Amino acid sequence: MNKKIIVIPLLIIIAGLILAYNGSYFFKAYNENANLIKDAALYTKEPLKIGIIGDIPSINEKIIEFDQIQFEDIENDDFNSKYDAILISKDNLSEAAQDKYAKVYKAAEIPFFFIGSIKGTAPFTEVNLSYEDAPLMSANTLFEGIAYTTKGGASWTSTTNVPNPSMEKNNYTNIFQTIYNNKYSK
């Protein structure tokens with residue numbers, strides 16, 4: 001009997017300490033991430049020309065050129081030489097996951113970024129897997145990116161636990177840096 005009386009309050013105290021520690025960690029991480037987002041550097045390297053399927057986003061960088069394109073454009077053999085990368089907006093992810101585009105992404109020599117994909121890259125690279133049927137990977141995903149070269153494939157994911165409207169522009173800054181790194185690492 002006496003052991004139960006001691007153990008239960010002790011467990012409550014331990015649980016309280018764990019919750020207090022995790023809560024303070026959450027707020028610390030939130031504040032640190034908010035500062036990183038606010039202080040993110042702009043992409044200032046080489047100008048980039050990017051094809052985008054969907055609306056052109058609002059960005060801070062002045063050296064980025066966007067061309068609005070259609071899915072039919074990425075089926076042409078010469079699109080690789082026109083652009084440094086292709087972005088596909090959230091509103092177009094279901095169409096982007098059609099089977100016929102999986103081979104386009106894998107044969108391309110430039111990266112593709114799927115903005116707001118919460119289903120990972122599988123619906124874009126796996127045949128017979130629609131975007132709707134793909135499992136949820138992370139509800140906090142900002143973008144997923146893929147690129148294939150003769151040396152193999154690469155993928156990028158950016159997620160956040162801190163919803164912040166200013167993060168969207170910084171998200172694109174991260175994409176531009178990734179495009180540059182991919183372009184000049186070949």
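Good morning. A charge is said to sit over a ring if NZ of Lys or CZ of Arg is within 6 Å of the ring centre and within 35 degrees of the ring normal. In the structure before you, which is a predicted model, lysine 119 meets this description: it lies over the face of tyrosine 131, at 5.3 Å from the ring centre.

Tyr131 belongs to one aromatic cluster, together with Phe79, Tyr105, Phe112, Phe114 and Phe124. Within this group, please look at phenylalanine 114 and phenylalanine 124. Their rings form a stacked pair, with 3.8 Å from centre to centre and 5° between the planes. Phenylalanine 114 is found in strand 4 (residues 112-115) and phenylalanine 124 in helix 5 (residues 122-125), so this pair ties together parts of the chain that are 10 residues apart in sequence. Are these two residues buried or exposed? Both phenylalanine 114 and phenylalanine 124 are buried.

I turn next to the aromatic pairs as a whole. The count comes to 12 aromatic pairs. One of them joins tyrosine 43 and phenylalanine 176: the ring centres are 6.3 Å apart and the planes stand at 65°, so the pair is edge-to-face. Here the pair links distant parts of the chain, 133 residues apart. Tyrosine 43 is in the loop between helix 1 (2-38) and strand 1 (48-53), while phenylalanine 176 is in helix 6 (residues 167-184). Tyrosine 43 and phenylalanine 176 are also both buried.

As for leucine 48, it is 16 residues from isoleucine 64 in sequence, with 5.1 Å between the two C-alpha atoms.

Finally, the chain as a whole. The protein chain contains 6 helices and 6 strands. Read from the N terminus, the order of these elements is α-β-β-α-β-α-α-β-α-β-β-α. Of the 186 residues, 38% are buried. Among contacts between residues at least 6 apart in sequence, 58% join residues at least 24 apart. The chain exposes about 11,300 Å², of which carbon and sulfur atoms supply 55%.

Thank you for your attention.

Key: Residues numbered from 1 in each chain as written. Predicted model: local features only at pLDDT ≥ 70, side-chain atom pairs only at ≥ 80, totals over all residues. Heavy atoms only, no water. Phe/Tyr/Trp six-rings, centres within 6.5 Å; stacked < 30°, edge-to-face > 60°. Helix = DSSP H or I, 4+ residues; strand = E, 2+ residues; numbered from the N terminus. Buried < 20%, exposed > 50% of the residue type's maximum accessible area, 1.4 Å probe, protein only. Contact = heavy atoms within 4.5 Å. Areas by Shrake-Rupley, 256 points an atom, 1.4 Å probe, with all protein chains shown as cover.
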